[in-house]
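Please open the structure in your viewer and keep the selection panel at hand, as this tour goes from one selection to the next.

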Amino acid sequence: MQPAAAQHPSNHQPNVWVVVPAYNEAERIGRTIQGLSGHFQNIVVVDDGSSDRTYERLETLPVWALRHPINLGQGAALQTGIDLAVQQGAEIIITFDADGQHDVHDLERLMEPILAGRADIALGSRFLGKAAVNMPASRWAILKMGVLFTRVCSQIKVTDTHNGLRALSRQAATQIRITQNRMAHASEILDQIQYHGLRFEEVPVTIHYNDAVLEKGQRNSAAVKVAAQFLLGRMVR
């Protein structure tokens with residue numbers, strides 16, 4: 001997906017990179033990359049120490065394939081991919097989950113606030129008029145509690161705190177440093193947006209839930225652990 005030239009005042013086509021963290025996604029990563037590769041040339045997938053054949057599958061796909069020797073967590077995988085993208089001259093970096101829950105057709109709108117110069121970061125939100133397809137009520141409640149937690153702790157007014165779909169300008173990608181290796185990284189990114197005074201804009205996006213996504217995803221019961229990890233990391237940062 002190349003952004004429409006009319007969206008950029010100089011008709012400059014930005015160097016866009018998509019970063020996909022992957023853990024035990026051998027069965028699904030091919031479909032996810034197939035959807036992305038029709039629109040983006042630069043895709044980096046970080047295999048986060050998978051125990052299945054994810055990395056072997058990546059070697060057959062049109063991506064930059066990186067591998068952690070052991071499982072470090074999604075936050076660590078994102079930082080590894082972002083580092084590579086920045087080194088390669090990325091001007092916009094999109095983070096995109098490997099499990100198929102994101103919709104590639106949302107990405108052009110996601111980049112628009114950055115291309116227009118209104119924002120340093122665009123954050124996907126499943127609660128702004130698009131849809132969270134088949135989202136269980138319990139997941140809705142946990143996510144809303146996360147929003148409240150973030151507004152209190154980080155003093156940043158967002159509607160969706162743990163949406164993995166984001167677009168970062170190069171400047172934002174170089175200022176934000178993810179130190180929370182695991183799922184608390186989502187709260188840490190929001191915390192750093194506030195700390196660095198970065199401009200952000202939320203963009204409505206669709207999240208597709210199915211049994212496989214829910215089975216692989218974060219358990220509702222893990223929310224307290226994620227919050228504790230975030231607060232502990234914030235104290236020692």
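How many salt bridges does a search of the whole structure find? In this predicted model, the search finds eight salt bridges, and some of them are stops on this tour.

Select Arg-177 and Asp-83, whose closest N and O atoms are 2.8 Å apart in a salt bridge. Arg-177 sits in the loop between α6 and α7, while Asp-83 belongs to helix α3, so that this pair links distant parts of the chain, 94 residues apart. Arg-177 is partly exposed at 44% relative accessibility, and Asp-83 is also partly exposed, at 24%.

Next, select Glu-112, Arg-118 and Glu-201, which are linked in a network of salt bridges. Arg-118 meets Glu-112 at 2.7 Å, N to O, and meets Glu-201 at 2.8 Å, again N to O. Because Glu-201 lies in strand β8 and Arg-118 in the loop between α4 and β5, their pair ties together parts that are 83 residues apart in sequence.

Now turn to strand β1, residues 16–22, where seven of the seven residues are buried, so the strand is largely enclosed by the rest of the structure. Both of its faces are covered, with Val-16, Val-18, Val-20 and Ala-22 on one side and Trp-17, Val-19 and Pro-21 on the other.

Finally, show the neighbouring strands: β1 pairs in the parallel sense with β4 over four bridges, and with β2, also in the parallel sense, over six bridges.

Conventions
Residues numbered from 1 in each chain as written. Predicted model: local features only at pLDDT ≥ 70, side-chain atom pairs only at ≥ 80, totals over all residues. Heavy atoms only, no water. Buried < 20%, exposed > 50% of the residue type's maximum accessible area, 1.4 Å probe, protein only. Helix = DSSP H or I, 4+ residues; strand = E, 2+ residues; numbered from the N terminus. Pairing = 2+ DSSP bridges. Salt bridge = Lys/Arg side-chain N within 4 Å of Asp/Glu carboxyl O.
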